[in-house]
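Subject: Structure handover

Hello,

The structure is below, followed by my notes on it. Please look through them when you have time.

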Amino acid sequence: MKRFGLTIFLMAGFVLGTVGNPIVAQDTRFTSTPNADSRLDPIRFNAPDLTGEGRPTEGHTDTATRGSCKISAKEVSPLMPPSHLGLTDAGRPTFWFSIPYGEEEFDTLNFTLMEIHEQGSVAIVYEKMIEAPTTLPGVIGISLPVDVPELEVGKTYDWSLDLYCIDPMATDLGGQPNATIAGGIIRREVPSDLKRALEAATTARERAIAYAEHGFWYDTLTILADLNRSNPGDTTLVADWNSLLSDVELADIAAEPIVECCFVEEDD
């Protein structure tokens with residue numbers, strides 16, 4: 001199978017706190033270190049009320065298992081609140097997933113981002129297939145590439161991640177995934193009080209605190225992932241990561257390995 005263009009942030013070989021290569025941040029605002037930050041209590045996420053926003057989703061779907069494939073969507077988790085819906089301030093956010101399977105256990109991932117129109121129709125904004133990375137199992141981050149238009153403020157988007165045990169291009173299998181996880185993202189205009197907090201922030205951690213207090217999930221998560229990657233061994237940041245995931249019922253994922261990145265080239 002040809003590889004497609006997508007930078008995937010796969011962090012492995014370490015549980016938060018060990019040495020690793022720097023992760024590429026989605027925004028230069030997110031790269032400063034937390035030195036001299038006096039707000040040392042673990043970051044807590046203030047979940048917004050998103051009732052009635054986005055489309056209802058089951059979150060996890062298992063399809064027929066073939067042969068020795070043991071993939072189960074119940075074992076694959078998006079790093080998301082229980083509703084699988086979250087806010088972002090980023091035009092090209094990063095989507096995070098826990099995948100507890102090695103490359104020998106499945107063949108391909110397929111990530112799809114879709115726009116929901118007012119009349120209920122859906123248009124694909126971005127779709128890429130990714131061969132199973134050699135560094136899994138672990139936590140991965142998938143970012144939208146720079147050639148994809150930024151998400152529009154005020155719009156809701158759906159995303160899905162399909163896992164295939166066998167090459168989905170094999171015609172005799174009909175391209176049916178063995179497992180699917182799904183969720184949503186809303187790019188929301190930053191309220192004035194959050195804007196002031198971000199302008200006053202002097203560290204990336206302070207920006208993460210501001211985003212968390214105002215319920216912007218994707219931004220909080222990505223900042224903390226980037227900070228933990230670039231500041232290994234920082235106990236404050238490890239506590240922040242553990243606290244954030246515990247706040248959305250993902251405490252069991254906090255200690256999972258985060259795997260090193262791979263790069264997938266675009267087809268001609």
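Helix 4 is followed by Glu249, which has a positive phi, near 65°. This is a predicted model, in which local features need pLDDT of at least 70 and side-chain atom pairs count only at pLDDT 80 or more, while totals for chains, interfaces and linings use all residues. Residues are numbered from 1 along each chain as its sequence is written, and side-chain values use heavy atoms, with hydrogens and water left out. Helices (H or I, at least four residues) and strands (E, at least two) are DSSP runs, numbered from the N terminus.

Helix 4 covers residues 235-247, and its end C-alpha atoms are 18 Å apart. That agrees with the 18 Å that its 13 residues should span at 1.5 Å a residue, where the expected span is 1.5 Å times one less than the number of residues. At the start of helix 4, a side-chain oxygen of Asp234 comes to within 3.0 Å of the backbone nitrogen of Thr236.

Buried means under 20% relative accessible area, exposed over 50%, and partly exposed in between (1.4 Å probe, protein chains only). In helix 4 the residues Leu237, Asp240, Trp241, Ser243, Leu244 and Leu245 are buried. Their cover includes helix 2 (204-213) and helix 3 (217-230).

Helix 2 is mostly covered, with 9 of its 10 residues buried. Among them are Arg205, Glu206, Arg207 and Tyr211. The buried residues of helix 2 pack against helix 1 (192-200), helix 3 and helix 4, contact being heavy atoms within 4.5 Å. Gly215, which follows helix 2, has a positive phi, near 80°.

How do helix 2 and helix 3 pack? Their axes are 8 Å apart, at an angle of about 155°. That makes helix 2 roughly antiparallel to helix 3. Axes are lines fitted to C-alpha atoms, for helices over the stretch in contact, and angles run from 0 to 180 degrees between N-to-C directions; under 35 degrees counts as roughly parallel, over 145 as roughly antiparallel, 65 to 115 as roughly perpendicular and the rest as oblique. On the helix 2 side the contact includes Ala204, Ala208 and Tyr211, and on the helix 3 side it includes Asp219, Ile223 and Leu227.

Glu118 lies between strand 6 (108-116) and strand 7 (122-131). Glu118 counts as exposed because its relative accessibility is 87%. The C-alpha atoms of Glu118 and Lys155 are separated by 9.8 Å, with the two residues 37 apart along the chain.

Regards

Notes
Polar contact = N/O pair within 3.5 Å; in protein donor to acceptor, adjacent residues only side chain to side chain.
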